[in-house]
Structures are given as structure tokens and as C-alpha cells.
Amino acid sequence: MRPDKKILKIEAKLDKLRIKHKDSDNHQVAENVFDDATLKTLYYLSNRGYIKAFGGSISTGKEANVFDAIGKNDKDVAIKIYRISSSNFKAVQEYILGDHRFENVKHDRKNIVLTLAKKEFQNLKRVRDAGVRVPQPFVIERNVLIMEFIGQNSIPSPQLRNVKMELEDTKHVFEQIVEYMRIMYCDADMVHSDLSEYNILIEEGATPVIIDIGQGVLRSHPMSEQFLKRDVSNIARFFKKRGVNATDEQIMTTITQG
Ligand SMILES: Nc1ncnc2c1ncn2[C@@H]1O[C@H](COP(=O)(O)OP(=O)(O)OP(=O)(O)O)[C@@H](O)[C@H]1O
Ligand SMILES: [Mg+2]
């Protein structure tokens, strides 16, 4: 099919879903995210009431696109769509191989990406049940994850790196994040593995929310200690820059022995 014809077909399907895709001018984006199987999945989820109307694009990341939408009970939801076609699935693989929950996954691009999506859903549930503030996951279907929207009036809460706070609030956020890392490690038996000022949102009242946990691994994963050290040094580096007295050693001790 000619590219412009394909786009028209996608646009027509999006219309049916009442999806107003802000990036629809950007054909490359539309084509990469909304392949036929993804459209079918969105259609299925909208028939089941999980999506009432699609909003705009919040983010185009390395592995996924995030959109806001209206979900069940007319509440805002965030829809994370893992791209099958343009993902760096080789880089993602190391977080899946070695996790005994996903031992029998086939190692092709499609299955690795679908597993990553499922893994993010399971990880969100797991750490949330243990008491970490993350978006509540609602449903996973193929490469589409629907979760609680973090923000207000369709405006997402900002990433930690973009929030200016008083030193006192900064210290409070730091302590809360270290406590979440401790709960993840000690109670949920997990390491986030991509924790940084990019993957923490700040809600009103200087409340941190941890996101983007698809690459999180169990402590039994052979690389988990290395991933934990990297998370710890990202957090220490960021908060030192913001004037908090933080060292890798002190954070590591709190997490592993606290
Ligand atoms: N539940 C949510 N509520 C509101 N905004 C969200 C939510 N989840 C993600 N976002 C927004 O989308 C951005 C990307 O999300 P996320 O980090 O999960 O995806 P990603 O594709 O892994 O991105 P990247 O490759 O940039 O790390 C976040 O930084 C945040 O701004
Ligand atoms: Mg991210």
C-alpha cells in the first residue's frame, strides 16, 4: 500500500475510535505507533469501556508513546503504547532474560516488546501493593497499557528534573524516594533499573510518583545489584546537585539494611 493511502486508512480508524491524534501531521509517528494490530487493540479496549476518548500525545520516548485519554468513570487515564516497529529491543532484552517470570519468552522483536509491556503492568502492581506510589495499572492488552493519569485537568505532573523546589521540599522528596527504593528492594523484591529524575513525576504538594518500571527486575536477576547501584548513583548525583547531603553509600545502606 502507498504510504499516503496507509495513513488515510489509519486516520479513518482513529476517527472511528474518536482518537484525536495531535501528531497526526507527523505521519511517521502515526505509522510507527498505530499499526493495524495496535488499532485493533485500541478498538477492543474502547469497546470494553477502558477508552472513552483519546486525548493528545504526552510523550514520544525510546520504547513507547504516552497519550492522555478519558477512561472508565470519565476519569483521565494515561495510555502507554509500546512500539513494535521502532523499538530498541536488543537493549531491552537484558532486563527480560534473567527474570524467571518470563523465562519462556521467544526472543524476537514482537515478543520481547509485548513482554516488556506485560512486565511493566506486573511490576506496577507488585510495587504498588507493597506501598510505593506509582500509577495504578488498569489493564494490559498486547502492547497497550492503561494506567492512572498522574496530573490534573489533563495536564501531566512534571518530571522531577523540571521542578524547582525549596530545599526543605527537596529533602522531603529525596527521603520519600529512598524510602520507595527500600520498599521496592526489601518488600517487593525488586530493583527499578531505570530510576532517575526523568522517571519520577512530582504531584502537587511535592509528592513523588515513580513511573516507567518496565525494565524493573527481581533481585534474583543476575544483574540486579549492578542495576541497583546505577539507580542509587543517579539519585545521589541529582540530589547532591540540588543541595541535599546524599552519598551513594548512605543511600545504599538505607535501602538494603533499613
Ligand atoms: N501515568 C502517567 N500519567 C501522566 N504522565 C505520564 C504517565 N506515564 C508517563 N507519563 C509521561 O510520559 C513520559 C514518558 O513515560 P515513560 O517514561 O513511562 O515512557 P518511555 O517511553 O519509557 O519514555 P523514555 O524513553 O523517555 O524513558 C513521562 O516522563 C511522563 O511525562
Ligand atoms: Mg521514561
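Asn153 sits in the loop between strand E6 (151-152) and strand E7 (155-156). The model is predicted. In this model Asn153 has a positive phi of about 50 degrees, although Asn153 is not a glycine. Its relative accessible area is 70%. Asn153 therefore counts as exposed, since the cut-off is over 50%.

Asn73 lies in the loop between strand E2 (64-70) and strand E3 (76-82). Asn73 is not a glycine either, yet has a positive phi of about 55 degrees. The relative accessibility of Asn73 is 67%, so this residue counts as exposed.

Now step back to the chain. The secondary structure comes to 8 helices and 11 strands. The chain has 258 residues, and buried residues make up 48% of them. Consider the contacts with a separation of 6 or more. Residues 24 or more positions apart account for 60% of those contacts.

Next comes the metal. Which residues are the protein donors of the magnesium ion (ligand 2)? They are Asn199, through OD1, and Asp212, through OD. These donors lie 2.1 to 2.2 Å from the ion. The pair links distant parts of the chain, with the two residues 13 residues apart. Asn199 is in the loop between strand E8 (190-191) and strand E9 (200-203). Asp212 is in the loop between strand E10 (207-210) and strand E11 (217-218). Is Asn199 buried or exposed? Its relative accessible area is 8%, so Asn199 is buried, the cut-off being under 20%.

Finally, turn to a pair of helices. Two packed helices are described by the angle between their axes and the distance between the axes. Here the pair is helix H7 (residues 224-241) and helix H8 (residues 248-257). Their axes come within 9 Å and cross at roughly 125 degrees. The crossing of H7 and H8 is right-handed.

Which residues make this contact? From H7 come Leu228, Lys229, Val232, Ser233, Ile235 and Ala236. From H8 come Asp248, Ile251, Met252, Ile255 and Thr256. By class, the contact of H7 with H8 has 7 nonpolar, 2 polar and 2 charged residues.

Definitions and conventions: Residues numbered from 1 in each chain as written. Chains lettered and ligands numbered in written order. Predicted model: local features only at pLDDT ≥ 70, side-chain atom pairs only at ≥ 80, totals over all residues. Heavy atoms only, no water. Donors = N, O, S within 2.8 Å, 3.2 Å for Na, K, Ca; no water. Helix = DSSP H or I, 4+ residues; strand = E, 2+ residues; numbered from the N terminus. Buried < 20%, exposed > 50% of the residue type's maximum accessible area, 1.4 Å probe, protein only. Axes fitted to C-alpha atoms, helices over the stretch in contact; angles between N-to-C directions. Left-handed = near helix turned anticlockwise from the far one by under 90°. Contact = heavy atoms within 4.5 Å. Nonpolar A, V, L, I, M, F, W, Y, C, P; charged D, E, K, R; others polar.
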